[in-house]
Amino acid sequence: MRIALEACPNWPYQRGMDSYFRGLISGLAQVDPVNEYRIFPYFFKEFAAKSGIIPAPAKPNFKLVAKRWPDSVMDLLEWRAGLPVIDLAFVRPGVIGLYHGLSGRLPRLSIPSVVTIHDMIPSDRKWREDAARRATYVIATTQTVKWELVRRGMDSGKIAVINYGVDVD
């Protein structure tokens, strides 16, 4: 299966979400030689610098597919107007079989999807809740996040709690 992993680096910062993404990519590269992974970031400003910090393992089943799209246009069309820009321009059914939104947001898609919800802070709660409702499956990084989603009416059966790992190296 070809799987798209959305990566939106917090340039120039390295936050928890970035550590989660790097750990996930590293782990998948070690254990899964079968599925094809398309690491999918999109941004406009500092394109070369941001593209350079996205981890793309030197494995035949991993490919970085960075798109240079203006953040403001993407914000307006995909996230505010709800137009399926990512689905039409990148995902296209038959090309990608599963989309994993790693940053707690999820575009309008015509394929199965997974979204990772890291927290439910008030400023981001509305769009994370919307992503969780539309996702086929949800990964909550803590039991508290799952409880909050269920309290807001989400189906607990589609939410798995997968806590952050610890890199001991």
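**Stop 1: strand S1**

Select residues 2-6, which form strand S1. Here 4 of the 5 residues are buried, so the strand is largely enclosed by the rest of the structure. Buried means under 20% relative accessible area, exposed means over 50%, and partly exposed lies in between (1.4 Å probe, protein chains only). Strands (E, at least two residues) and helices (H or I, at least four) are DSSP runs, numbered from the N terminus.

A note on the source: this is a predicted model, in which local features need pLDDT of at least 70 and side-chain atom pairs count only at pLDDT 80 or more, while totals for chains, interfaces and linings use all residues. Residues are numbered from 1 along each chain as its sequence is written, and side-chain values use heavy atoms, with hydrogens and water left out.

**Stop 2: the partners of S1**

S1 and S2 run parallel and are joined by 5 bridges. Two strands pair if DSSP finds at least two bridges between them. Which residue of S2 is the bridge partner of Ile3? It is Tyr37.

Pick Ala4 in the viewer: its bridge partner in S6 is Tyr99.

**Stop 3**

Show the side chains of Arg2 and Glu36. They meet in a salt bridge, at 2.9 Å from N to O. A salt bridge is a side-chain nitrogen of Lys or Arg within 4 Å of a carboxyl oxygen of Asp or Glu. Side chains of opposite charge can pair when their charged atoms come close. Arg2 sits in strand S1 and Glu36 in strand S2, 34 residues apart, so the pair links distant parts of the chain. Glu36 is partly exposed, at 30% relative accessibility. Arg2 is partly exposed too, at 29%. By this rule, the model has 10 salt bridges.

**Stop 4: aromatic pairs**

Rings of Phe, Tyr and Trp (its six-membered ring) pair if their centres lie within 6.5 Å; planes under 30 degrees apart count as stacked, over 60 as edge-to-face and the rest as tilted. The count comes to 3 aromatic pairs.

Select Tyr37 and Phe62. Their ring centres are 4.8 Å apart and their planes stand at 20 degrees, so this pair is stacked.

Next, select Phe40 and Tyr99. Their ring centres lie 6.4 Å apart with planes at 70 degrees, so this pair is edge-to-face.

**Stop 5: a salt-bridge network**

Select Glu129, Arg133, Glu148, Arg151 and Arg152. Salt bridges link these residues in a network.

Zoom in on Glu129 and Arg133 first. Their side chains meet at 2.8 Å, N to O. They are 4 residues apart in helix H5 (residues 125-134), which means about one helical turn separates them. Glu129 is buried, at 16% relative accessibility, whereas Arg133 is partly exposed, at 43%.

Then move to Glu148 and Arg151. This salt bridge is 2.8 Å, N to O. The two residues are 3 apart in helix H6 (residues 143-151), again about one helical turn. Glu148 is buried, with a relative accessible area of 16%, but Arg151 is exposed, with 61%.

**Stop 6: a pocket**

Select Ser19, Tyr20, Gly23, Leu24 and Gly165. Of the 15 residues that line the second largest pocket, these lie nearest its centre. The pocket has a volume of about 380 Å³. What classes make up its lining? There are 5 nonpolar, 8 polar and 2 charged residues.The terms need their rules. On a 1 Å grid over the protein atoms alone, a pocket is an open set of points where a 1.4 Å probe fits, with protein on both sides within 12 Å along at least five of seven lines; lining residues have an atom within 4 Å of a point. Grid points are joined across faces, edges and corners, and a volume is the space filled by probe spheres set on the points. Ala, Val, Leu, Ile, Met, Phe, Trp, Tyr, Cys and Pro count as nonpolar, Asp, Glu, Lys and Arg as charged, and the others, Gly among them, as polar.

**Stop 7: Gln30**

Finish on Gln30, in helix H1 (residues 16-31). Gln30 is exposed, with a relative accessible area of 65%.
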